[in-house]
Amino acid sequence: MSTPAKHEVLIIGGGTAGITVAARLLRKHYSDVAIIEPSDQHYYQPLWTLVGGGQATAAETERAEASVMPRGATWIKSAVTSVDPDANTVTCADGATCSYDVLVVAPGIQLDWERTEGLTDTLGRDGVSSNYRFDLAPRTWEFIRDTKSGTAVFTMPSGPIKCAGAPQKIAYLACDHWRRQGVLDNIDVHLVVPTPRIFGIPAIADNLDKVIADYGITLHTGSEVRSIDSASRKVTMTNVADGVETVLPYDVLHAVPHQSAPDWIKSSPLSTSHVGGDANGYVDIDKHTMQHVRYPNVFALGDAGSSPNSKTGAAIRKQAPVVVENIGAVLSGRPLTGSYDGYASCPIVTSAHDMLLAEFDYDFALKPSFPLLDPVKPHRPYWLLKKYGLPALYWNLMLKGLA
C-alpha cells in the first residue's frame, strides 16, 4: 500500500475561503500548501443576484479555477469523500489519501434542493428558478422579464443559508423592473421568510419594511414554502410556529433551497451532528479562533463552519487572516492569538440603482465601513460598490491574499 502524500497545510476547497487562505499562507512563505478542489471553474457568486435581476451577465461571474489557484500551491484535482482527523488523513473520490500537519476545511455549503417537495423536478421550467445556481440565474431573469401579470412568489428556507439577503434582493430587483415596465400593479408579489422580521437588526428591518410597502409586496414572516405543485402552479406555505398551511398560486417563483454541510462532513467526527448537535452538520469550531473544538490542528472557515455569523464572502475576508495567524500558532506550539468578531456584510440591493449595506458582528452591532453614509438606509454609492467595487476587490485583492 502506498504512503499517503503529506502536506504541511492541506486545504479542502478551492472556493473563496480556500483560495484566500492559501494565498495568505504562501505570502507568509509557507512552502507546502495543498488545495483539494475538483472543479475547473471558479465563481463570484454574489453577482448571481444581479444576473437574475438583469443587471449583470453570468459570464462575468465565472473564471477558470486554474487562473485563481495561487502560484506555489499544490492543486489536488479531486473531491473529498471522507476525513479521519484522528489519523490526520483525508480520502478523495479517486481513492487517493493525503495526510497533513494542519487541515483547513472550506468546502462550501451543500444545496439541498430535494428538501422542498417538488422543487427539483421543476427547476428552470414553468416559471420556477433560483439564483443559487450559475446555470439558473439567467433563467430567473428570463422569467421575470417575460412576466407582465399574475402572481410572483419569492421564498427563503429556514436554517442557515449562504447570503441570507439573496432571497429578498431578487424580489426587489424584480419589482423595480416591473415598475419601470409599468406592469407592477398587475402583479401580486409575495415574499415568504421564516424569520420574525425581514432582517435581524430592527433599524434595518424598519427601512426594508418601507421598501416592501413601496413595492406593494405581501410579506409572510414566520413562514416557509414546503412543497411545490408545478402541474397546478401552486406552492404550499407553512407557518413555522403552528404548522398552519396556506396555498399560493404562482406564475413566477424564485425558490431558495435548504442548505447544510456537505454529507461527508455530516458523517465525519468533525461535524456538530457527531456530538448530537446541529443536524445541519457544520464543522464544529470555536467561533472566535475558527479552530475545531476537538481537533486542535483542524480549522474551518466560510460556509461549512459552525460559527453563527452570516455566511458571506465578507465574513471570509475577516476570517481568513485569523485562520492563517492561528495556523502559525499551532505549527509553532504557541497559544492562539487570532480572533474573529463575527463580522459579516450583507449587501441588500433594493432596486437597480440603490443598495443597503448591512455590516454587523456576532452581537448584531453595526460595523459600517463607510460611516458617512447612513448604514441602515439604501444608497446609490453602495449599488456601485456591489456592481463594480466588490467584484474588483474579490478577483484582484482577496483571492491574492491582499485584502
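**Close-up views of a predicted model**

**View 1. Helix H5 against helix H6.** Helix H5 passes helix H6 in a right-handed crossing. In this predicted model, the axes of H5 (residues 137-146) and H6 come within 10 Å and cross at roughly 35°. On the H5 side the contact is made by Thr140, Trp141, Ile144 and Arg145, and on the H6 side by Ile170, Ala174, His177 and Trp178. Sorted by class, the residues of the contact of H5 with H6 comprise five nonpolar, two polar and one charged.

**View 2. Helix H6 against helix H7.** Helix H6 (residues 166-180) also packs with helix H7 (residues 202-215), at an angle of about 35° and with the axes 10 Å apart. The crossing in which H6 passes H7 is left-handed, whereas H5 passes H6 in a right-handed one. From H6 the contact draws on Gln168, Tyr172, Cys175, Asp176 and Arg179, and from H7 on Leu208, Val211, Ile212, Asp214 and Tyr215. These residues of the contact of H6 with H7 divide into six nonpolar, one polar and three charged.

**View 3. The open sheet S14-S15-S16.** Three strands, in the order S14-S15-S16, form an open sheet with antiparallel pairing. Its edge strands are S14 (223-229) and S16 (245-249), each of which pairs on one side only. On average, and with direction ignored, neighbouring strands of this sheet are turned by 30° against each other. Strand S15 (residues 234-239) pairs with S16 in the antiparallel sense over five bridges, and threonine 238 stands opposite glutamate 245 in S16.

**View 4. The hairpin of strands S6 and S7.** Strand S6 (residues 80-84) and strand S7 (residues 89-92) pair in the antiparallel sense over four bridges, with valine 80 standing opposite cysteine 92 in S7. The two strands form a hairpin with four residues between them, and asparagine 88 in the turn has a positive phi of about 60°.

**View 5. Histidine 379 in its loop.** Histidine 379 lies in the loop between strand S21 (355-360) and helix H10 (380-396). Its relative accessibility is 17%, so histidine 379 counts as buried, the cut-off being under 20%. The side chain of histidine 379 reaches two backbone oxygens, that of aspartate 374 at 2.9 Å and that of lysine 377 at 3.3 Å. With its neighbours within four places in sequence left aside, histidine 379 is in contact with His353, Asp354, Met355, Leu373 and Asp374.

View 6. Histidine 29, a residue other than glycine, has a positive phi near 70° and is placed in the loop between helix H1 (16-27) and strand S2 (33-36). Methionine 290, likewise not a glycine, has a positive phi of about 65°, and its place is in the loop between helix H8 (263-266) and strand S19 (298-300). Which of these residues is buried and which is exposed? Histidine 29 has a relative accessible area of 69% and is therefore exposed, the cut-off for that class being over 50%, whereas methionine 290, at 0% relative accessibility, counts as buried.

Methods
Residues are numbered from 1 along each chain as its sequence is written. This is a predicted model: local features need pLDDT of at least 70, side-chain atom pairs count only at pLDDT 80 or more; totals for chains, interfaces and linings use all residues. Side-chain values use heavy atoms; hydrogens and water are left out. Buried means under 20% relative accessible area, exposed over 50%, partly exposed in between (1.4 Å probe, protein chains only). Two strands pair if DSSP finds at least two bridges between them. Axes are lines fitted to C-alpha atoms, for helices over the stretch in contact, and angles run from 0 to 180 degrees between N-to-C directions. A polar contact is a pair of N or O atoms within 3.5 Å; within protein, one must be able to donate a hydrogen and the other to accept it, and residues adjacent in sequence count only if both atoms are side-chain atoms. Contact means heavy atoms within 4.5 Å. A crossing is left-handed if the near helix is turned anticlockwise from the far one by less than a right angle, and right-handed if clockwise. Ala, Val, Leu, Ile, Met, Phe, Trp, Tyr, Cys and Pro count as nonpolar, Asp, Glu, Lys and Arg as charged, and the others, Gly among them, as polar.
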